[in-house]
Amino acid sequence: MFDAMTGTRPARFRRQRVLVVGCGDVGLRVVRRLANRVRVLALTSSPQRVPALRAAGVTPLVGDLDQPATLRRLAGLAPRVLHLAPPPTKGLTDWRQDPRSRALAAALARRAPPQALVYASTSGVYGDCGGAWVDETRTPAPQTPRAWRRLDAERTWRLWGRRTGARVMVLRVPGIYAPDRPGGPAERLASGTPVLRHEDDVYTNHIHAEDLARACLRALWLARPQRVVHVCDDTQLRMGDYLDRVADLLGLPRPPRIAREGAERQLPLALLSFMHESRRLRNGRLKRELRLRLTYPTIDEGWAQAAAASWSRTSHSA
C-alpha cells in the first residue's frame, strides 16, 4: 500500500506524501517505518530542528500552529495527514478549546483536503469510569482542562471531516511507554514517587510507542470516516501493580504505597489527576478494523528487552 505512484515526473514527486504535524518521539517512530516508501513532510515550529528532521529523511516545513498565517502552505500538500501535536496550555481565550486544531483545519481546507487525517487524542476524554470496561461508544465526560481541549479537537476534526469529505480517524491513546522513551516509569521508580495503596488505586491503560506508531500508519490507510479507535494493549493492571511489575522486571525497588487521603500532600497535581480516573479500555476495533497484531500485547513483552539488559548489567557487576 506504500508503493510509489506511477507517472512521468521525477521519483521524488511521484512518491505519495504524508504530512506529520507534531514530529516528536512517536512521530519519528512513524517516520522510520515510512522510510523510502513515501515522502514525509513534517511541520515544526523550531528552525533548530530542521537539520535533525532532514537527517531522519523528512522534508521540514517551518510553521507554528499558534500562528495561523504560517500554515497556509500546508493546503493541498499531502493526501494523508497525521496530527500528533497537543493543544496549548497557555494563552487560551477559552480553556476548553484547542485553537491549534482549529487553525490547522482551516489551513488544510483552503485547497483540496487530504483523503485521510488521523488525530491522536487521549483516553482522558472519558474521565473517571470507576474501573469499568470502556469501548468507543461511551459518551465522553472529561474532568480536566487537558481532556476538555482534546475533546474539542476531536469534535473539530470529525466535523471538518463531514464537511470536507476527508476520512478522519481519532485514536484515543492512554499512557505511552517504551524503554527508550524519556520520562517513563523507570525514572519514576528511580525517584521513589509513591503510588496509591491497592484499595484506593485506579486502573490505567498503556501502549508501547512502537505499537502506537504502527497503529498511526494503519489508520492513515485504513481509516473509516469519522471513526474513533482505542489504541491500547491487553494489560489489565492498576497503576501501582503496573509499576510494581516494571520494578520487578528491571530489578528496581517497588514504589511505596500511600492512602489517597495523604496523596494530595505528597504528589504533584499533574500526577494526582491520573489517580482520580479509573477505566479499562477495550481494543477490539484496533484489532478488527486496523487489523493490528500488537508486537507488545502486555507490558511484560514491552519491557522484556530492557529487563534482560538490566539483569545482564547486574550479573556482570556481581
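The largest cavity of the structure has a volume of about 40 Å³, a volume being the space filled by probe spheres set on grid points that are joined across faces, edges and corners. The structure is a predicted model, in which local features need pLDDT of at least 70, side-chain atom pairs count only at pLDDT 80 or more, and totals for chains, interfaces and linings use all residues. Residues are numbered from 1 along each chain as its sequence is written, and side-chain values use heavy atoms, with hydrogens and water left out.

A search of the whole structure returned one cavity of 30 Å³ or more. A cavity is here a set of points, on a 1 Å grid over the protein atoms alone, where a 1.4 Å probe fits but cannot get out, and lining residues have an atom within 4 Å of a point. The lining of the largest cavity is formed by Leu19, Leu74, Ala75, Gly76, Leu77, Ala78, Val81, Leu108, Ala112 and Pro114. Nine of these lining residues are nonpolar, one is polar and none is charged; Ala, Val, Leu, Ile, Met, Phe, Trp, Tyr, Cys and Pro count as nonpolar, Asp, Glu, Lys and Arg as charged, and the others, Gly among them, as polar.

In an unreviewed entry, UniProt lists residues 18-221 as "domain: NAD-dependent epimerase/dehydratase"; such annotations may be inferred rather than shown by experiment. Helices (H or I, at least four residues) and strands (E, at least two) are DSSP runs, numbered from the N terminus.

With a disulfide taken as a pair of cysteine sulfur atoms within 2.5 Å, the count is zero disulfides. Cys23 is in no disulfide, and the nearest cysteine sulfur, that of Cys216, lies 11 Å away. Cys129 is likewise in no disulfide, the nearest cysteine sulfur being that of Cys232, at 13 Å. Cys23 is buried at 3% relative accessibility, and Cys129 is buried with a relative accessible area of 8%. Buried means under 20% relative accessible area, exposed over 50%, and partly exposed in between (1.4 Å probe, protein chains only).

Side chains of opposite charge can pair when their charged atoms come close. The count of salt bridges (a side-chain nitrogen of Lys or Arg within 4 Å of a carboxyl oxygen of Asp or Glu) is 23. One of them joins Asp201 and Arg257 at 3.6 Å, N to O. This pair links distant parts of the chain, 56 residues apart, with Asp201 in the loop between β9 (195-196) and β10 (203-204) and Arg257 in strand β14 (residues 257-258). Asp201 is buried, at 6% relative accessible area, whereas Arg257 is partly exposed at 31%.

Glu289 takes part in a salt bridge with Arg224 (3.6 Å, N to O). Arg224 lies in the loop between α7 (209-222) and β12 (227-230), and Glu289 in the loop between α11 (284-288) and α12 (299-317), 65 residues apart. Glu289 also meets Arg227 in a salt bridge (2.6 Å, N to O). Because Arg227 belongs to strand β12 and Glu289 to the loop between α11 and α12, the pair ties together parts that are 62 residues apart in sequence. Glu289 is buried at 9% relative accessibility, while Arg224 is partly exposed at 43% and Arg227 is partly exposed at 23%.

How values were computed: On a 1 Å grid over the protein atoms alone, a cavity is a set of points where a 1.4 Å probe fits but cannot get out, and a pocket is an open set with protein on both sides within 12 Å along at least five of seven lines; lining residues have an atom within 4 Å of a point.
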